[in-house]
Amino acid sequence: MKKFLFATMALAATSAALAEYPEKPVTIVVPFAAGGPTDKVARDLAEALRGPLKATIVIENVGGAGGTLGAAKVAKAAPDGYTLLLHHIGMATSPALYRNLSFKPVEDFEYLGLINEVPMTIIGKPGLPANNWAELQKWLKDNQGKVNLAHAGLGAASHLCGLLFQQSLKMQMTTVPYKGTGPAMTDLMGGQVDVMCDQTTNTTAQIASGKVKAYAVTTLKPLSTPALAKLPTLDASGLKGFNVSIWHGLYAPKGTPKAVTDKVNAALKTALKDPGFIKREEDLGAVVVTDARVNPAEHKKFVSDEIAKWGPVIKAAGQYAD
């Protein structure tokens, strides 16, 4: 009888949580400064999520330490569904980049679904003699030890892509770190550095205007964006399996009731079909996720696979952020 009563009470509590949530504003923590690409994704998503979640959504920027401070804050937050985390590929790379990480990405969060992916491009300075991927590959080989590869700082998307690019080519380049994509792109356009791998959100306009040379995309399938449509994939160009994109996902603290996470996931799936949100992401050069990774289990498996993929790459380079 006691077991029956306990089960009945637990079911009633779960039903109440589902019926009542959300009763107050929901905060989405962005582990980077306001105005950046991840912040923009979060604010666009918040706008699309308010309706289906039936809640006021507040964005809180908690920057620092490559996104780990904001993620740690959410990992320690009350597991009630009112504090969520929107994070990018750093969720998978931080375990290798930070050897004393205060949280465990797989164990300390409830996964709510993947949001989008941003492809990347291999670009070069305007004066580079190579005019296509085959010519670039030959030029890189002929100039081993002399090539400068720019990136936007340790752990940045351009840094990670550059590491995998060098490993795939079995070639060492002189990496030149910058404090952000802006100065890195400025020096690339000015010819101070030779090549860079960066997100389409940062490169498409420069490619379209002819300010940089473009050689390939890092996705498994070609892109449809007019300025990028003629670029080959690295996978089809000989670097088999090369697949890098910058993705964003949504998370809650571990222990958040399933009734609540189910409700957030359902609202997220609706938001990802919102035409306005899709258009805003396309304008950023991002692709909204429509496959099984919008489900919590597949999202978690994807991040686990990404951790396994990036860990050896970062450790082989011996470049850590702590």
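My entries follow, topic by topic.

**Ground rules.** I am working from a predicted model, where local features need pLDDT of at least 70 and side-chain atom pairs count only at pLDDT 80 or more, while totals for chains, interfaces and linings use all residues. Residues are numbered from 1 along each chain as its sequence is written, and side-chain values use heavy atoms, with hydrogens and water left out.

**Confidence.** I checked pLDDT, the predictor's confidence in each residue from 0 to 100. The chain averages 92, and 94% of the residues score at least 70. Residues 4-14 fall below 50, and beyond near neighbours in sequence this stretch has one contact in the model. Contact here means heavy atoms within 4.5 Å.

**Largest pocket.** I looked for pockets on a 1 Å grid over the protein atoms alone; a pocket is an open set of points where a 1.4 Å probe fits, with protein on both sides within 12 Å along at least five of seven lines, and lining residues have an atom within 4 Å of a point. Volume is the space filled by probe spheres set on the points, with grid points joined across faces, edges and corners. The largest pocket holds about 820 Å³. Its lining has 36 residues, and Glu 117, Pro 119, Thr 219, Leu 223 and Val 287 are the closest to its centre. I traced the lining to elements: helices (H or I, at least four residues) and strands (E, at least two) are DSSP runs, numbered from the N terminus. Helix H8 (200-208) is among those that supply at least two residues, and H8 gives the largest share, six residues. By class I noted 16 nonpolar, 12 polar and eight charged residues. Ala, Val, Leu, Ile, Met, Phe, Trp, Tyr, Cys and Pro count as nonpolar, Asp, Glu, Lys and Arg as charged, and the others, Gly among them, as polar.

**Second largest pocket.** This one holds about 620 Å³. I found 30 lining residues, with Phe 32, Pro 37, His 88, Ala 156 and Ala 157 nearest its centre. H4 gives the most, four residues. The lining has 12 nonpolar, 17 polar and one charged residues.

**Cores.** A nonpolar core is a set of buried Ala, Val, Leu, Ile, Met, Phe, Trp, Tyr and Cys residues joined through side-chain atoms within 4.5 Å. Buried means under 20% relative accessible area, exposed over 50%, partly exposed in between (1.4 Å probe, protein chains only). The largest core has 84 residues, and Leu 136 and Phe 165 touch the most other members. S4 gives the most to this core, eight residues. Which residues does Phe 165 contact, leaving aside neighbours within four places in sequence? I listed Ile 122, Trp 133, Leu 140, Met 173, Leu 234, Leu 239 and Phe 242. Another core, of 15 residues, lies apart and includes Ile 123 and Val 193.

**Backbone.** Most residues other than glycine have a negative phi, and most peptide bonds are trans. I found a cis bond from Tyr 21 to Pro 22, with omega near -5 degrees. Pro 22 sits in the loop between helix H1 (2-20) and strand S1 (26-30). Lys 54 has a positive phi, near 55 degrees, and lies in the loop between H2 and S2. Lys 54 counts as exposed because its relative accessibility is 69%. Phi of Lys 170 is also positive, near 55 degrees. Lys 170 is exposed, at 74%.
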